[in-house]
Amino acid sequence: MPFATTRVFANCCASSKIAEKMANPLPQGTGELYTDPTADHAREWFAQKPRAMVDKVTTVKEAVNRLIHDGAYLAVGGFGCDRLPTAVLHEILRQKKQHLALAGHTATHDFQVLCGGNLTGRGQTLTRVEIAYVVGLEARGLSPHARRVLESGTVTFTEWSNYALAVRFKAAAMGLPFLPCRSMLGTDTFRMSGAKAITCPFTGAILTALPALYPDVAAIHVHEADRYGNCRIRGTTVADLDLARAAKRLLITCERLIPNDDIRADPSRTAIPFYCADAVCEVPFGSYPGNMPYEYFSDENHFKQWFAAERDLADLQAFLDKYIYGVKDFHEYLHLCGGLPRMQELRRQEFLIA
Amino acid sequence: MTYNPMELMICCAARLLEDGKTVAVGTGVPCAAAMLAQRTTAPNLVIFFEAGGIAPQLPTMPISVGDSRTFYRGVMATSMADVMETCQRGLMDYTFLGGAQIDAYGNLNSTMIGTDHARPKVRLPGSGGANDLASLCWRILVVTNHDKRRFVPTLDFLTTPGYLTGPGAREAAGLPPGTGPYRVITDLAVLGYHETTRRMEILSLHPGVTLDQVQANTGFDLGRREPLQTTTPPSDLELCILREDVDPHRYVIGRGQV
């Protein structure tokens, strides 16, 4: 794949394999790693990453074009249908980005959207997925097209758990090559992952070693950001504080741009500091059709439309043509979905104003 | 009052949750059970959602484990790692899980149906947080419909650990000692696990259900714990609270089955 580090990493793995087997008879997952956990390689990347506090405000179109490359490993913030950077996902399809790898850390509507770029006549958006949770949209059921994509044999995947992926982001955010945890042991999930069991050097306990996950690019939707990329999040942060720090490139969409003075007036509220961010895009209602805590609830009717369209490939193509490929940007999509009146209804639902 | 199987299952689940304990729940039945427990026998039960919501005062049933209801008037909205690490430290008493398949040792499959991992016949979501919660919480509760398609001799994929291959297997694999499957609540019976063999056994039959009926709907041999009980049906009070307060829109109880 297009990143030089992948090759270096493969070589370093092969040379250490034999020594490792002799010293460590504990179980190892058979799953391939799609990213390089080497902390020093990550340091080389972060050494050259610009950290000046400069204006990063741009359009989603420009940011996706500049920051998300074919073959890149992508991680998406939020929790499936909650605080989702939907505009970025749509733009990935519009720009026909190819052969992405994805961290499937409760990837629900995000996975559903990206699967729209597979088997629908526009190449292949997704090639590899590290699965903790995909295909399902929780209580809403299984996405027919996401199933079609994963059952087609055209995408390779490995298995993890939600916490395992969160720990992998955390290891990367700490600048480490791995972290231990106590889940996944004894299961097929472990067997089909890239984890390795290790013995604790202090207590002798068996632990799961999880390789650091430094995504090539992450997209996170937040409530507020200043033009430099200092971000505020309300509600649960899921894995986003670590993800923002683990990612080599970070694309921020926000409900609202706020003045830098507001950030400085209460720095305790900053969840993500500016030097993590590479682009800041103001996208009001940017988590639609997902939920944005304290802003608007999810649009369950629109999710039902997605599910209905997905049953038949021709219907799905028409649906994607209408809502994604046929519109200029996310704003036009919102307009097609009912525009401001619909958003106001969803705001009332969020605030339980029946 | 008459009741449907879903209402009975929720009541059975709620009664298992002790006051002052902690529970990690998902949407649907587990959430309804925890809410019912809070309104009956366990007012100080603390509810956690894996996406980071802690001790919400749930105004309605959440749709997602991460939606804004899961921390509505909560004490904290934190990260997934914080919640999972609370489990890893040994502070989470219960969790509720489900799956497409369960075996005699309480292992669960929510990953795939079929034999070829790369080309599954049916691709299911995967572990999500289930593997983590089953590894790290003290007691695992499962609520599921009871049929041979679900209660299988061999899982197509072992997503989430029960007692793995039997006594001592969890500890040998490195999972925290003292954790493991506790109860399975189905539309036919309440089941537990034998103290030494760690195999599933029937604890109580729901009213009107026979032993043969339960065994006929199970793909492996079930033991039974004597004396076999009959499940106490939902009380009028439980049903009232469930229908009027917990799930007035009948999102969960309206389904009748899991």
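How many bridges join S6(A) to strand S7 of chain A, and do the two run parallel or antiparallel?

Reply: The model is a predicted one. In it, S6(A) is joined to strand S7 of chain A, residues 206–211, by 4 bridges, and the two strands run antiparallel. Within this pairing, A:Ile198 stands opposite A:Leu207 of S7(A).

The pair belongs to an open sheet of 3 strands in chain A, whose order is S5-S7-S6 and whose pairing is antiparallel. Strand S5 (178–181) and strand S6 (196–199) of chain A are the edge strands, each of them pairing on one side only. On average, and with direction ignored, neighbouring strands of the sheet are turned by 40° against each other.

Helix H7 of chain A, residues 162–173, lies across S5 and S7 of chain A and runs at about 145° to S5(A).

Both H7 and S7 of chain A also take part in the contact with chain B, as they are among the elements that give two or more residues to the side of chain A that touches chain B. Helix H6 (144–151) and helix H8 (188–191) of chain A are likewise listed there. H7(A) supplies the largest share of that side, 5 residues. The contact as a whole takes 50 residues from chain A and 49 residues from chain B. By class, the side of chain A that touches chain B has 26 nonpolar, 15 polar and 9 charged residues.

How values were computed
Residues numbered from 1 in each chain as written. Chains lettered and ligands numbered in written order. Predicted model: local features only at pLDDT ≥ 70, side-chain atom pairs only at ≥ 80, totals over all residues. Pairing = 2+ DSSP bridges. Axes fitted to C-alpha atoms, helices over the stretch in contact; angles between N-to-C directions. Contact = placed C-beta atoms within 7 Å. Nonpolar A, V, L, I, M, F, W, Y, C, P; charged D, E, K, R; others polar.
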